[in-house]
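Here is a short briefing on one protein chain. Look over the sequence and the structure, then read the notes by topic.

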Amino acid sequence: MIDISMPRLSDSMEEGTILKWLAAEGAQIKRGDELAEIETDKASMVYEADQEGSLHILAGEGDTLPVGAPIAQLLAVGEQPSQAGSADTGTAAPEPAAEQASVESAPVPQAAAVSAVAEVDNAVGARVKASPLARRLAAGAGIELTALAGSGPGGRVVKADVERALQAGAAPAVVSAGGPAATPFAPPKGEVELVELSRTQSLIARRMAEAKATIPEFTLQCEIDMEAAVALRTQLKGLAERQERQVPSFNDMVLKACALALREYPRANGTYKDGRFELHPRVNVGVAVAAADALLVPVVRDADTSSLWSIAAESRRLALAARDGTITPPDLAGGTFSVSNLGMFGIDAFTAVINPPQAAILAVGSLAQRAVVRDGQLVARHTMTVTLTCDHRILYGADAAEFLGSIRELLEQPLALMG
C-alpha cells in the first residue's frame with residue numbers, strides 16, 4: 001500500500017484544496033496518470049501519480065488539507081485499504097485555518113455546544129458527515145445537509161454536492177425556534193450573495209494584510225520623459241515585423257530598466273527577514289497580471305542579463321499563461337522585485353502594495369502626451385509617472401531615490417536597454 005499525501009506544489013504552499021478527482025475510486029493507476037486537480041496558494045495544477053496501484057480515495061472534492069495530509073492510497077492486488085486518516089472512519093478532517101480561526105474567535109460555552117450537537121444528532125439519528133467547507137457553504141445558503149446525497153468517501157457531503165444543490169435550485173430550509181417553517185425574512189439590502197474566496201484570493205488577502213500591517217513603507221514618485229523610449233519602440237516595431245519577433249512593450253522597457261538598476265543597487269533586490277538583509281545574486285522581476293478574479297505575479301528570471309527581445313517574449317508567455325489558467329508554480333516563484341502597471345487603464349499614478357518579503361515595488365502610470373516646460377517653452381512630451389513603494393527596514397530614502405533615479409535615467413536614455 002502506498003500513501004498519497006497532499007503534495008507541496010509551490011514554495012509557499014501550506015495547504016491545498018482538491019477541486020476534482022480525475023480518476024475514479026478503484027481505478028487502476030499507472031505512473032503519469034492524472035489523479036486530481038489541486039488548487040494551491042498560487043494556481044490550480046493537475047497532480048500526476050508517480051506510483052502504480054488501485055486508487056482508494058480518502059479526501060473528497062472541495063476538501064482543504066495541509067501539505068502532507070493523506071488524500072488517497074494506492075493498493076496492490078488483493079490489498080485492503082488502511083483506515084488511518086480515512087473519511088470512512090468518521091474522523092473529522094482537519095479544518096482549514098480560516099474555519100478554525102472563525103470558531104476560535106467566537107467561543108461558545110461547552111454546555112451550549114454539547115446541547116446544540118445533541119439536538120442535531122437527535123433530529124437526524126446521526127451527525128451528517130460533511131467536509132468543513134461543505135458545512136459552511138450549506139449553512140450560508142440555508143440548505144439542510146440531511147437533504148443532500150454525499151458523493152465523497154463513505155457518503156461524505158463535499159463542496160461539489162452543495163454546489164449541485166444550489167444549481168438545481170434547492171430551497172433553503174427556514175426553521176423557526178418552535179420547529180415549523182417560518183415566513184422568510186426579507187433583508188433590507190436584498191438577498192445577500194455569499195462568495196467563497198478561492199485559495200489564490202485567500203493568499204492574496206493574507207499577504208496584502210501582512211504587508212500593510214508589518215512593513216514600515218514609504219513612497220517616492222517621479223515623472224519620466226518617455227519621448228526617446230517612444231521613438232526607440234517605433235524603430236523596434238519595424239524591426240520586429242521584419243524578423244517576426246515579439247515587439248517589446250513599454251512595460252518590457254520598464255522591466256529591463258528596473259533589472260539593470262537592481263544590479264546597480266543590490267539592496268533594492270534584497271529582502272528583510274528575521275532581523276537581517278538577504279541579498280540575492282539573481283535579478284528576478286515579477287510582473288503583476290490581472291487574471292480571472294485574482295492578481296498573479298509571474299516572474300521573469302535573470303532579467304538583468306536577458307535581452308529586451310527575450311524579456312518581451314517571456315513576459316507575453318507568462319501573461320497569457322496567467323490569464324488562461326495554465327500558469328505553473330515555478331513561473332510564480334523566486335521573484336526579487338515587482339512591477340505593477342495600471343497605465344493601460346488610464347490611471348495616471350497609484351501606489352502599489354509591497355509583495356512581501358521583497359524590498360520594493362514599482363507602480364507604473366499611463367504614458368501620454370502632456371504639457372511640460374523645456375528650455376522655457378511649453379511643449380507636448382510623452383511622459384509617465386512611476387511610484388516606488390519601499391520597505392524602510394531595508395531601503396532608506398537616499399538609497400531609494402538613487403535607485404529610482406537610475407530607472408528614470410535608463411528610460412530617458414533607452415539605448416542602454418538594448419545592451
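The count of disulfides comes to 0, where a disulfide is a pair of cysteine sulfur atoms within 2.5 Å. In general, a disulfide is a covalent bond between the sulfur atoms of two cysteines. This is a predicted model, in which local features need pLDDT of at least 70, side-chain atom pairs count only at pLDDT 80 or more, and totals for chains, interfaces and linings use all residues. Residues are numbered from 1 along each chain as its sequence is written, and side-chain values use heavy atoms, with hydrogens and water left out.

**Cysteines**
- Cysteine 222 is buried, with a relative accessible area of 11%. Buried means under 20% relative accessible area, exposed means over 50%, and partly exposed lies in between (1.4 Å probe, protein chains only).
- Cysteine 390 is also buried, at 0% relative accessible area.

**The whole chain**
- The chain has 10 helices and 18 strands. Both are DSSP runs numbered from the N terminus: helices are H or I with at least four residues, strands are E with at least two.
- Of its 419 residues, 41% count as buried.
- The accessible surface comes to about 21,800 Å², and 53% of it belongs to carbon and sulfur atoms. Such areas come from the Shrake-Rupley method with a 1.4 Å probe; for residues, only the protein chains shown count as cover.
- Take the contacts in the chain with a separation of 6 or more: residues 24 or more positions apart account for 63% of them. A contact means heavy atoms within 4.5 Å.

**Salt bridges**
- The count comes to 10 salt bridges. Each is a side-chain nitrogen of Lys or Arg within 4 Å of a carboxyl oxygen of Asp or Glu.
- Side chains of opposite charge can pair when their charged atoms come close.
- Aspartate 161 pairs with arginine 164, with the closest N and O atoms 2.4 Å apart. The two are separated by about one helical turn, because they sit 3 residues apart in helix H4 (residues 159-167). Aspartate 161 is buried at 4% relative accessible area, whereas arginine 164 is partly exposed at 44%.
- Arginine 282 and aspartate 302 form a salt bridge at 2.8 Å, N to O. Arginine 282 lies in the loop between strands S11 (276-278) and S12 (285-287), and aspartate 302 in the loop between strand S15 (299-300) and helix H8 (308-324), so the pair ties together parts that are 20 residues apart in sequence. Arginine 282 is partly exposed at 41%, and aspartate 302 is partly exposed at 25%.
- Arginine 370 forms a salt bridge with aspartate 348, with the closest N and O atoms 3.3 Å apart. This pair links distant parts of the chain, 22 residues apart: arginine 370 is in strand S17 (residues 360-374), and aspartate 348 is in the loop between strand S16 (337-341) and S17.
- Asp225, Arg374 and Arg381 are linked in a network of salt bridges.

**Helix H5**
- Helix H5 (residues 199-214) has 16 residues. From first C-alpha to last it reaches 22 Å, close to the 22 Å expected at 1.5 Å a residue. The expected span is 1.5 Å times one less than the number of residues.
- Arg199, Thr200, Leu203 and Ala211 are buried in H5. Seen down the axis, the buried residues of H5 fall within an arc of 100°, so they line one face of the helix. The arc is that of the directions from the helix axis to the C-beta atoms.
- Lys212 and Ala213 are exposed on the other side of H5.
- The buried residues of H5 pack against strands S2 (15-21), S4 (34-39) and S14 (294-296).
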